[in-house]
Amino acid sequence: MFAAATATLDRNWRDGYTLPSPRLYPFQWNWDAGFIALGLAYVRPERAISELRSVFRGQWRNGMVPHIVFHRPADNYFPGPDAWGTDQVPWRPAGVRTSGITQPPVFAFIVERISSLPLGRTSEWEAFRREIFPSLVAQHRHLYRNRDPLGEGLVYIQHNWEAGTDNSPVYDAALEAIDLTRARDVSGLRRDNQTVAAAHRPTDVNYRRCLALVDLFNACGYRDAEIAERSPFLIQDVLFNAVLARSNLALLSLARDLNADAATVGEIEGWCEKTSAAINRKFWDAERGFYFPYDLRADRRIEIKTSSGFMPLFARVCDDAQQRALARHLTSSFAPSADWLLCPSVATDEPTFDPVRYWRGPVWVNVNWMLHHGLRQAGLDDLAERVRSDTLRVLGAAGRWEYFDPRPGIDPSALGLGTDEFSWSAALALDFQRNPDAF
Ligand code: GLC
């Protein structure tokens with residue numbers, strides 16, 4: 001498995017950065033690059049820094065790190081750079097085209113994890129930490145300044161693609177509120193559902209709504225304030241905020257290590273406190289014992305159980321009772337019996353659960369990796385080990401697929417879905433195998 005994972009990363013490497021999958025995603029993606037850099041740190045350490053530098057070449061001058069960086073043209077993906085229309089944005093980066101939305105801010109905690117590896121003890125890495133620190137601060141500051149209109153310490157996402165969990169059912173209602181009368185029909189432009197089975201991908205109407213949002217952002221000139229006023233889609237997402245909270249902790253220790261100025265340290269301390277408290281205040285449902293996202297536009301909680309609800313464990317914000325409640329969900333509604341693969345992206349007792357359709361039921365390796373470490377932080381070692389060994393078992397039996405069918409009774413070698421040779425599945429398999437340290 002070790003050699004196979006390395007081979008996947010080598011195959012997907014393109015002179016400076018890694019494609020998530022040449023077949024399906026032929027550019028560099030934001031949070032993918034973070035997880036991939038971690039995997040590279042074990043097997044191709046000289047490439048890990050390049051991976052991170054490449055994705056930050058796409059950072060906008062307002063601090064936003066785009067979800068796709070189009071380093072080189074490719075015609076097997078829609079929407080490509082022309083559809084995003086970001087060339088008109090005055091604060092876009094020079095020299096490279098990008099999308100106009102972001103993804104969960106994983107980079108600070110990735111830098112922390114890599115710092116504990118042999119690569120992390122080199123002078124190149126030490127210089128790189130200094131180089132990237134201001135970009136990380138700018139990324140977080142952009143989120144707090146532009147995506148937290150109520151000053152709550154929680155940031156909202158403008159698009160379901162910003163969540164990383166693209167077609168999760170938690171976004172259905174907000175997407176359905178989009179007026180499609182003038183929206184273009186994009187079904188003929190999609191490439192993804194011709195490459196892999198359409199039943200495993202988002203539906204055409206989901207894509208149409210996604211593109212209607214892109215068109216709205218374009219009409220708003222990608223000005224966050226205008227988008228906040230006009231868009232029907234403003235969601236405070238649990239995974240996004242939990243990742244931000246975990247990265248805040250990493251950023252704070254980096255700031256202290258680097259002797260950053262007191263004002264910056266103070267600013268990061270403020271983010272840490274506010275977001276951790278707000279996750280519990282606004283997302284935690286004490287009665288149901290679970291974390292749910294919040295629709296700012298509709299002003300209501302979105303009560304659908306998804307694997308994102310476990311991510312506050314990774315953010316280290318849960319008390320004992322919360323940890324126990326989450327563990328109960330994991331071994332009941334998410335895995336009704338011990339032979340289910342952990343962790344389905346949607347609880348199996350939700351009416352929207354679909355074991356093969358992308359983020360509506362299948363298991364994803366990056367979520368499992370964060371879940372594993374969250375469970376270990378909580379001292380739930382048996383469950384943590386089950387998540388890790390389930391992940392490695394299916395990766396070993398089926399290969400480094402993009403996502404996996406969680407149902408019992410299927411030949412493990414047939415559980416892989418989406419694209420094969422998926423980079424973050426390979427990269428995180430390496431960390432799972434090579435690094436027993438909790439994180
Ligand atoms: C899909 C996933 C997203 C990922 C991208 C590239 O859109 O939902 O999380 O970043 O593919 O792999």
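Predicted model: local features only at pLDDT ≥ 70, side-chain atom pairs only at ≥ 80, totals over all residues.
Reader: Why is T275 called buried?
Author: The cut-off for buried is under 20% relative accessible area. T275 comes out at 0%, so the label buried applies.

Reader: Where does T275 sit, and what does T275 touch?
Author: T275 is in helix α13, which spans residues 262–283. Leaving aside residues up to four places away in sequence, T275 touches Y144, G153, L154, N241, A245 and N248. What makes those contacts is having heavy atoms within 4.5 Å.

Reader: How do you know that β4 and β7 pair?
Author: Pairing needs at least two bridges between the strands. Two bridges join β4 to β7 (residues 294–295), so the two count as paired.

Reader: What makes β4 and β8 edge strands?
Author: The sheet is open, with three strands in the order β4-β7-β8 and antiparallel pairing. β4 (235–236) and β8 (300–301) each pair on one side only, and that puts them at the edges.

Reader: Why is one space called a cavity and another a pocket?
Author: In a cavity a 1.4 Å probe fits but cannot get out, whereas a pocket is an open set, so the names follow from that. The largest pocket has a volume of about 380 Å³.

Reader: Which residues line the largest cavity, and of what class?
Author: The lining has 20 residues, with Y25, W29, Q103, D166 and Y358 nearest the centre. By class there are 13 nonpolar, three polar and four charged residues. Trp and Tyr count as nonpolar, in case you'd have sorted them otherwise.

Reader: And what lines the second largest cavity?
Author: Among the lining residues are W60, N62, H142, R147, Y222 and D224. The tally is four nonpolar, four polar and two charged. G100 is in that lining too, and Gly counts as polar.

Reader: What about the lining of the largest pocket?
Author: There are 13 lining residues, and I178, D179, R182, A212 and L216 lie nearest the centre. Helix α10 (residues 204–219) gives the largest share, five residues. By class, the pocket lining has eight nonpolar, one polar and four charged residues.

Notes: Residues numbered from 1 in each chain as written. Heavy atoms only, no water. Helix = DSSP H or I, 4+ residues; strand = E, 2+ residues; numbered from the N terminus. Buried < 20%, exposed > 50% of the residue type's maximum accessible area, 1.4 Å probe, protein only. 1 Å grid on protein atoms, 1.4 Å probe; cavity = no way out; pocket = protein on both sides within 12 Å on 5 of 7 lines; lining within 4 Å. Points joined across faces, edges and corners; volume = space filled by probe spheres on them.
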